[in-house]
Amino acid sequence: MALDAGWAQEWLRAAARAVAENRTHLMELDRAIGDADHGENMDRGFAAVVAKLDAGPPPATPAEVLKAAAMTLMSTVGGAAGPLYGTALLRAATSLGDAAEAQPDAVVAMLSAARDGIVARGKAESGDKTMIDAWTPAVEAAATAASAGAGPGAVLAAAANAAQAGAVATDPLVARKGRASYLGERSAGHRDPGAASTALILAAAAEAAGGPG
Amino acid sequence: MSVGLVIVSHSAKIAEGVCELAAQMAADVRLVPAGGTDAGGGAARIGTSFEKVANAITKAGQGDGVVILTDLGSAVMTAEMALEFLDEDERATVRLASAALVEGAVAAAVQAQAGGSVEDVLRAAEEAVVSIRPEALEPFVSRSAAAPGTAKAAAPEGPSASGSWVLPNDMGLHARPAAVLARGLADLDAEVTVNGIDGKSVMLLMSLGLGKGKTVSAQAVGPDAEAAIELIGAAVEDGFGEMNEDGQH
């Protein structure tokens with residue numbers, strides 16, 4: 001399907017379902033190296049986003065949907081994921097502008113803007129064992145797919161696959177940012193919860209687009 | 001009016017408790033807690049809320065400036081987001097402190113009560129860690145905030161002066177006198193050492209714990225050295241204005 005306002009809504013609804021299904025898994029990941037609240041926080045935040053979508057008038061552009069979701073996440077998630085995903089979606093919305101639907105290059109620009117927003121907000125770099133380690137490979141894979149002529153859905157699918165691989169690759173890393181950094185070497189051997197939720201959210205974006213197309 | 005403070009914590013109880021503690025020493029300062037997140041109704045949960053922080057900044061500000069103090073990670077990020085959403089004029093009057101929450105809030109409140117500017121209050125907050133080893137604070141705060149004074153410029157030059165006095169008032173060098181001394185000395189061009197510590201730091205002066213009958217020894221170096229020693233001497237001999245006519249508190 002075209003990446004229009006309807007897609008953006010379906011993306012967030014699919015993300016909310018994925019987060020709800022993986023709530024316990026995310027909490028277990030976070031219990032190992034953090035404060036165990038990531039699953040609960042994300043579930044509550046995305047449930048609030050869905051409630052907001054249900055209550056609001058039909059949006060005209062994907063940017064409108066993402067901006068409303070960002071504001072909701074910032075005030076409902078509670079943990080670091082609130083301002084981080086909030087910033088990501090705000091920057092994504094700004095990048096999309098008034099466009100009624102996103103073409104492949106716009107999808108790459110949107111993902112890149114979201115990633116840059118997270119870097120600016122969290123001040124983490126690649127290899128710090130954070131969600132950046134899922135976002136950056138996703139942006140790179142999306143760019144590669146777009147320049148090879150892939151459609152918008154295929155660009156999102158490439159991003160989602162790379163985010164999942166990036167999340168898995170955080171397992172052996174020693175955390176240098178966030179709560180997990182207080183554990184030092186003991187943070188190695190566990191997957192970063194933020195990278196794991198990033199993979200879920202980008203998979204939801206691809207799912208909402210209906211796969212390669 | 002004075003600079004207002006916003007206390008951002010993951011815990012509503014911590015934010016309220018810090019405000020309660022700081023208010024003891026700064027009765028006229030607007031101290032606004034922004035702790036926890038209560039989205040979805042019910043009791044406040046652990047976390048931070050953009051909406052709460054943004055509202056607290058408005059409530060604390062009222063045109064006189066705001067210093068925000070935070071606890072861990074996402075509290076800082078949420079506060080930064082709230083700052084980005086302020087209009088430019090309001091943004092110019094708000095500062096985000098990189099400070100230990102409890103010590104910083106107390107020092108900042110004392111400075112605000114004494115009429116300090118937003119920059120004075122920010123500095124008081126950021127220089128307030130005295131009771132813990134700086135190296136033990138990483139990665140919670142930056143080293144410059146944890147070890148105030150370590151980045152000082154070269155040793156001052158110029159005339160020097162010194163003096164020592166016995167504290168006559170019952171309460172000794174407690175919070176209010178410490179704030180009076182630090183604020184008076186801050187305006188002078190001199191490096192002032194009081195019993196071995198920086199005389200321009202409210203928290204360091206308080207940390208000396210000097211009670212009635214204890215000796216205050218000060219050394220000053222710089223163009224205003226003489227004035228600094230006179231200021232301290234006059235304030236101590238006056239019992240910081242806390243003496244009755246018969247010399248009793």
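In the predicted model, helix α2 of chain A passes helix α9 of chain A in a right-handed crossing. The two helices pack at an angle of about 160°, and their axes lie 9 Å apart. Because angles over 145 degrees count as roughly antiparallel, α2(A) and α9(A) are roughly antiparallel to each other. On the α2(A) side the contact is formed by A:L26, A:L29, A:D30 and A:I33, and on the α9(A) side by A:P193, A:A196, A:S197 and A:L200. By class, the residues of this contact comprise six nonpolar, one polar and one charged.

Helix α9(A), spanning residues 193–208, also packs with helix α8(A), spanning residues 152–168. The axes of α8(A) and α9(A) come within 8 Å and cross at roughly 165°. These two helices are therefore roughly antiparallel to each other. The crossing of α8(A) past α9(A) is left-handed. From α8(A), the residues in contact are A:L156, A:A157, A:A159, A:A160, A:A163, A:Q164 and A:A167; their counterparts in α9(A) are A:A195, A:A196, A:A199, A:L202, A:A203, A:A205 and A:A206. This contact of α8(A) with α9(A) contains 13 nonpolar residues, one polar residue and no charged residue. A:A196 is listed in the contact of α9(A) with α8(A) and also in the contact of α9(A) with α2(A).

A further contact of α2(A), which covers residues 23–33, is with helix α3(A), which covers residues 38–55. Here the packing angle is about 140° and the axes are 6 Å apart. That angle makes α2(A) oblique to α3(A). The contact involves A:R23, A:L26, A:M27 and A:D30 of α2(A), together with A:H38, A:G39, A:E40 and A:D43 of α3(A). Its residues divide into two nonpolar, two polar and four charged. A:L26 and A:D30 take part in the contact with α3(A) and are likewise listed in the contact with α9(A).

Side chains of opposite charge can pair when their charged atoms come close. Over all chains, the structure holds 18 salt bridges.

Between chain A and chain B, the count is three salt bridges. In a salt bridge between the two chains, the side chain of A:K123 meets that of B:E80 at an N to O distance of 3.3 Å. The contact between the chains takes 19 residues from chain A and 19 residues from chain B. The area buried between chain A and chain B is about 1600 Å², and carbon and sulfur atoms give 58% of this area. On the chain A side, the residues that lose the most area to chain B are A:S75, A:R121 and A:Y182, which together contribute 35% of what that side buries.

Terms used
Residues are numbered from 1 along each chain as its sequence is written. Chains are lettered from A and ligands numbered from 1 in the order in which they are written. This is a predicted model: local features need pLDDT of at least 70, side-chain atom pairs count only at pLDDT 80 or more; totals for chains, interfaces and linings use all residues. Side-chain values use heavy atoms; hydrogens and water are left out. Axes are lines fitted to C-alpha atoms, for helices over the stretch in contact, and angles run from 0 to 180 degrees between N-to-C directions. Helices (H or I, at least four residues) and strands (E, at least two) are DSSP runs, numbered from the N terminus. Angles under 35 degrees count as roughly parallel, over 145 as roughly antiparallel, 65 to 115 as roughly perpendicular and the rest as oblique. A crossing is left-handed if the near helix is turned anticlockwise from the far one by less than a right angle, and right-handed if clockwise. Contact means heavy atoms within 4.5 Å. Ala, Val, Leu, Ile, Met, Phe, Trp, Tyr, Cys and Pro count as nonpolar, Asp, Glu, Lys and Arg as charged, and the others, Gly among them, as polar. Buried area is the accessible area (1.4 Å probe) that two parts lose on being put together, summed over both. A salt bridge is a side-chain nitrogen of Lys or Arg within 4 Å of a carboxyl oxygen of Asp or Glu.
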